[in-house]
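Colleague: I am new to this structure and would like to go through it piece by piece. Please put it up, and I will ask as we go.

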Amino acid sequence: MNTIPTKETPPTLIRTNKFTEGFQNIVDAYGVGSYREVNPALFTIITFPFLFAVMFGDFGHGFVMFLFALLLVLNENHPRLNQSQEIMRMFFNGRYILLLMGLFSVYTGLIYNDCFSKSVNLFGSGWNVSAMYSSGHGPAERGKMVLWNDTIVRHSRVLQLDPSVPGVFQGPYPLGIDPIWNLATNRLTFLNSFKMKMSVILGIIHMTFGVILGVFNHLHFRKKFNIYLVSVPELLFMLCIFGYLIFMIIYKWLVYSAETSRVAPSILIEFINMFLFPASGTNGLYSGQDHVQRLLLAVTALSVPVLFLGKPLFLLWLHNGRSCFGVSRSGYTLIRKDSEEEVSLLGSQDIEEGNNQMEDGCREMTCEEFNFGEILMTQVIHSIEYCLGCISNTASYLRLWALSLAHAQLSDVLWTMLVRVGLRVDTTYGVLLLLPVIALFAVLTIFILLIMEGLSAFLHAIRLHWVEFQNKFYVGAGTKFVPFSFRLLSSKFSDDMA
C-alpha cells in the first residue's frame, strides 16, 4: 500500500452493527464527524433513550413500547418486515432505539410511580394517617400541633398531613415517588418542583460532559493550548455558576427536614442574590455563603477574558516566534487544515516533536499570511455563543419537565374521561359499557400517548443532543467514507452522459 502525501482531510469510516446503526444515523443526520473526531454516538446509546424516558416516564406506556420493539427484534429476519411500507420500515430500522426507549421509560415510570396515570403501591406508603388524630398524643403535644378530631374530619373537605407530627412520616418510599401523592391535592405542585430541579441537574451534567469530551479532541489533535485556554475556562464558567446551582439544590434537600422546612430559604432568591449583592443580609443556606459566592463570581469573571483573548493571543505569539509554517506534511498526519489556527498548530507540533529543521514544503512556498483579526473574531463569536448558551441551554433542558408534565396530565385526562366513567356506571350495564370504553381507551392510548407523545419526546431528545450537547465538542464537518465500486462508477458515468 502506497501512502500518498496530501493535505486533504481523509473521509470518515465508522463501523456499526445492527444495534449501533440507528444511534449513528441520529448523529450523522446532524453532520458526519471529522476524521478521528470524538464520536458522540457511543454516548448517545445511553443518554438518548434516558432523556426520552425522562419526558415519557410511564411504566405502562413504556412497557407497551418495549413489547412492540421486542416483537420487531425477535422477528427481524422476517422477509415482510424488510419489504414493508415506508412508515413500518422506519420503525423496523429503529427497533433497537425503540427497545431501549421503552426499557428506560419503564425505569423512569417506576421512579415517577406512574402507570397509565395511576400510582402503584408496591412497598406500602411511608405516611400514616392515623397518627394525625389527637387521641394518639398527649395533652402537651395537642397544644403545640394542629391535629385532627372527629369534627374536623367530618366538616373539612381537604385535610393536610403534617410530617413534623411524630408517627406521620415514617420514612421515604424505597423506590420512586410515594403512592400517597396520587391522592394529594398538591400533587402537581410537588411533582413540578421535583421534576424542574431534576431537569436542571441532568441538563448541567449533560452539558459539562460535552465540554469534557472536547478535551479528548484537543489531546488527540495535539491542541494542548486549547485545553488551558478554551476548555478549562469553559468548565470554570459552567461549574462556578450552574454547578453551584446544583450544589444548592442538593444541599437544601439534604440539610433541611420537615421540622425546618418553614425557615428554608428559596434557592431561586439565593441564586439571584448571588449576582445582585443585596444590602440587607439574608439568612442563606449555610454560614459563609457570601464569601463563597463572591469567590465563584471572581473566578467566573476571570475566565471570561481568558476565553475571549487567550487563544488568539497565544496563536499570535506562536506566529511571531516562527519564521514559516510547515504546511506540507507526509501522509495523513495533517488531519484538518481549514483555518489559520491549524497553520499555527503545525508549527507548534514541530516544536513538540523536536523537529527544528524546516520542511521541504516550507522552503518551496511562501509563508502564509496570518490573519489575527479573523482568529480573534471567530473566538469572540464562539465565546459569546458559549456564555449565552450556558444560560439558554440550561433553560432548554426544562423541556424534560414540561413534556413529562404534559404526558402525565394527558394520560390522567384520558383515564378520567373514559375508564373512570365506565367504572362508575351501575353494575347492570357497567360490564357491557366497560368493554367498548376499554377498547376506545386502548386505541387512544396507542395513537395519542404512544405515537404522538412518543414522537414529540423523540424530537425533543434529538434537539437536546444536537444543540445542547454536541455543539460543546462536535464539529460534524467531515465526509463519509464511500468505498470504491465499479457499479457506482458506471452509474455516475451514465448520469454524466445523460
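**Loops, pockets and a bent helix**

Modeller: Arg-36 is found in the loop between helix H1 (21-30) and helix H2 (41-55); helices here are DSSP runs of H or I with at least four residues, strands are runs of E with at least two, and both are numbered from the N terminus. This is a predicted model, in which local features need pLDDT of at least 70, side-chain atom pairs count only at pLDDT 80 or more, and totals for chains, interfaces and linings use all residues. Residues are numbered from 1 along each chain as its sequence is written, and side-chain values use heavy atoms, with hydrogens and water left out.

Colleague: What is phi of Arg-36 near?

Modeller: Arg-36 is a residue other than glycine, and its phi is positive. The value is near 65 degrees.

Colleague: Is Asn-113 buried or exposed?

Modeller: Asn-113 lies in the loop between helix H6 (95-112) and helix H7 (139-144), and its phi is also a positive value, near 55 degrees. Buried means under 20% relative accessible area, exposed over 50%, and partly exposed in between, with a 1.4 Å probe and protein chains only. Asn-113 has 6% relative accessibility, so it counts as buried.

Colleague: Which domains does the largest pocket lie between?

Modeller: A pocket is an open set of points on a 1 Å grid over the protein atoms alone, with protein on both sides within 12 Å along at least five of seven lines; a cavity is a set where a 1.4 Å probe fits but cannot get out, and lining residues have an atom within 4 Å of a point. Domain bounds come from an automatic or database domain assignment. Both domains give residues to the lining of the largest pocket, so it lies between domain 1 (19-126 + 171-317 + 372-482) and domain 2 (127-170).

Colleague: Which helix supplies the largest share of the lining of the largest pocket?

Modeller: The largest pocket holds about 2,100 Å³ of space, a volume being the space filled by probe spheres set on grid points joined across faces, edges and corners. Of its 42 lining residues, the closest to its centre are Trp-127, Pro-163, Phe-169, Trp-181 and Phe-190. Helix H9 (187-220) and helix H10 (224-255) each supply at least two residues of the lining. The largest share, 5 residues, comes from H9.

Colleague: How many residues of the lining of the largest cavity are charged?

Modeller: The structure holds 2 cavities of 30 Å³ or more, and the largest has a volume of about 80 Å³. Its lining includes Asp-114, Arg-187 and Lys-195. Ala, Val, Leu, Ile, Met, Phe, Trp, Tyr, Cys and Pro count as nonpolar, Asp, Glu, Lys and Arg as charged, and the others, Gly among them, as polar. The lining divides into 5 nonpolar, 2 polar and, as charged residues, 3.

Colleague: What is the volume of the second largest cavity?

Modeller: Among the residues that line the second largest cavity are Asn-113, Trp-181 and Leu-191. By class, the lining has 4 nonpolar, 3 polar and 2 charged residues. The volume of the second largest cavity is about 40 Å³.

Colleague: At which residue does H15 bend?

Modeller: The expected span of a helix is 1.5 Å times one less than its number of residues. The 25 residues of helix H15 (residues 372-396) should therefore span 36 Å, and the end C-alpha atoms are 34 Å apart, which agrees. A bend is the angle between axes fitted to the seven residues ending at a residue and the seven starting there. H15 bends by about 40 degrees at Gly-389.
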